[in-house]
Amino acid sequence: MQHNPTTNAANRLDRLPISKFHKTTLIAVAFAYFFEFADINTFAITAPVVREQWGADVNHIAYVTSLSFVGMFIGSVVAGGLADRLGRKRTLTLTTLWFALWSFACVFAWDIWSLGVFRVLTSAGLSAMTVVAVVYISELYPRARRGKFQAYAIVIGICGTPATNLIASMVVPISDWSWRLVYLWGSLGVLFLFLVRKLEESPQWLESRGRHGETEAVLARIEASVAAEHGQLPAAEAPQPQGPVTKSGLGMLRDKKFLFPTILLSVLWITQTIGFFGYSSWAPTLLAAEGVSVEDSIFYVALTTVGAPLGSFLAAMVTDRFERKWCLVIFALIIAASGLMYGLTFTPVLIVVFGFLVNLFERGYTALAYAYSPELYDTKGRSLGTSISYGLGRLSNAVGPLTIAGIYNGIGYQAVFIFIAGTWTLGALVLALFGPATRRQRLAMEAAAKEQPEEVSATS
């Protein structure tokens with residue numbers, strides 16, 4: 001079906017000032033992110049107790065961890081297709097409920113294999129919810145401000161990780177069964193149901209599906225709400241002529257306009273996943289293996305994670321002010337250098353300093369990538385392209401831990417951090433050479449909206 005320019009969804013959303021509508025949406029999405037971050041590490045936290053109670057060995061834990069990343073890949077790709085068919089809001093709700101349901105099932109696991117199956121299904125939902133949330137924010141917020149709000153959502157959401165660690169430290173020692181409460185905590189994402197009624201469906205998705213009556217109704221509600229708060233709204237920029245309509249679905253892989261950004265972003269997310277999880281998963285283990293006490297290694301790593309929420313806040317400060325592509329390149333190179341220095345020192349202060357910098361810039365990098373990825377697609381390709389590239393990144397970590405273990409056993413400790421630094425550097429080079437710039441287009445949209453004469457109508 002041809003695009004109907006009369007609804008003009010993207011331009012009408014782009015010229016809106018930030019209002020209560022945007023802030024309410026941010027709170028709801030950040031809540032889902034909070035429990036995504038809260039839930040993603042629950043298996044790692046409870047694995048030592050589970051091993052002891054059920055007599056599981058390290059290989060069992062490794063299998064569950066690796067298969068969880070396979071589940072993340074499947075979940076993200078399936079969610080990308082569902083978001084195109086069912087809508088962004090409905091799929092965001094379904095994926096959040098999915099991971100909450102299977103996290104709740106983990107409470108009742110009876111052996112390592114049942115827990116493993118439940119965790120794989122949970123991980124599929126966690127990844128699925130993430131890619132849909134990324135696309136949803138990208139389509140609802142003004143082009144000139146969406147990067148900042150992607151980062152703000154992560155700033156709030158990432159607090160779920162230390163919250164889970166704190167709760168686990170209090171409840172796990174209570175009794176033999178109390179580790180199950182950690183999964184009960186993770187399942188509280190189900191409370192998202194109380195917030196979802198405040199969300200609107202993406203007008204850009206409705207428009208892309210040819211549902212122009214619903215598009216107009218949603219836009220009218222949003223614009224009326226914003227106008228009641230800010231007064232007269234500027235006129236929207238005139239819609240641009242549309243090219244040939246791209247068919248949705250996997251058939252888009254034959255379209256170079258879809259395939260090129262998907263390959264580029266796959267490299268971005270693969271290098272990010274191996275680089276980040278390679279560092280965060282192995283840092284305490286490798287420090288302990290090299291003679292640093294287990295207690296000290298955990299303490300050092302805990303101190304470094306303070307940089308994570310600060311990194312997301314840093315991204316919020318720079319993401320819309322500078323070209324996102326070059327911010328990503330610079331952040332990746334700083335992570336590579338800091339991670340390499342981390343691996344070359346055993347001085348406690350320097351371990352904390354360089355580890356802090358890795359966490360700071362990596363979380364900033366992720367927030368920037370969440371904003372950058374959807375911008376490389378049109379509405380029809382946005383959900384599927386983002387989900388495939390993000391999913392391939394998560395899938396890569398099914399073999400990432402084995403690769404790092406092989407490097408450590410074959411070459412040594414420092415070689416691991418050289419490999420991780422090389423991974424980040426490769427991602428930076430590919431992005432620098434081939435990544436499209438997006439800021440000029442965002443600024444052009446913002447300038448065009450400001451130049452339009454003001455109008456009294458709230459609904460254009």
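Visitor: Thanks! Where does the model come from, and how are residues numbered?

Guide: This is a predicted model, where local features need pLDDT of at least 70 and side-chain atom pairs count only at pLDDT 80 or more, while totals for chains, interfaces and linings use all residues. Numbering starts from 1 along each chain as its sequence is written, and side-chain values use heavy atoms, leaving out hydrogens and water.

Visitor: So how do α7 and α15 cross?

Guide: Helix α7 (residues 146-157) and helix α15 (residues 307-318) have axes that come within 8 Å and cross at roughly 165°. The two are therefore roughly antiparallel. Helices are DSSP runs (H or I, at least four residues), numbered from the N terminus, as are strands (E, at least two). Axes are lines fitted to C-alpha atoms, for helices over the stretch in contact, with angles from 0 to 180 degrees between N-to-C directions.

Visitor: Left-handed or right-handed?

Guide: The α7 and α15 crossing is left-handed, meaning the near helix is turned anticlockwise from the far one by less than a right angle; clockwise would be right-handed.

Visitor: Which residues make that contact?

Guide: On α7, they are Lys 148, Ala 151, Tyr 152, Ile 154 and Val 155. On α15, they are Pro 309, Ser 312, Phe 313, Ala 315, Ala 316 and Met 317. Contact means heavy atoms within 4.5 Å.

Visitor: And α6 with α7, how do they cross?

Guide: The axes of α6 (residues 112-140) and α7 come within 9 Å and cross at roughly 145°, and this crossing is right-handed. Val 134, Ile 137 and Ser 138 of α6 meet Arg 146, Phe 149, Gln 150 and Ala 153 of α7.

Visitor: Switching topic: which residues touch the most others in the largest nonpolar core?

Guide: Of its 97 residues, those are Tyr 33, Leu 92, Leu 268, Leu 328, Tyr 365, Tyr 372 and Trp 424. Such a core is a set of buried Ala, Val, Leu, Ile, Met, Phe, Trp, Tyr and Cys residues joined through side-chain atoms within 4.5 Å. Helix α17 (residues 348-375) gives the largest share, 11 residues.

Visitor: Last one: is Leu 219 buried or exposed?

Guide: Leu 219 counts as buried because its relative accessibility is 1%; buried means under 20% relative accessible area, exposed over 50%, partly exposed in between (1.4 Å probe, protein chains only). Leu 219 lies in α12 (residues 212-230), and its C-alpha is 8.4 Å from that of Thr 7, 212 residues apart along the chain.

Conventions: Angles under 35 degrees count as roughly parallel, over 145 as roughly antiparallel, 65 to 115 as roughly perpendicular and the rest as oblique.
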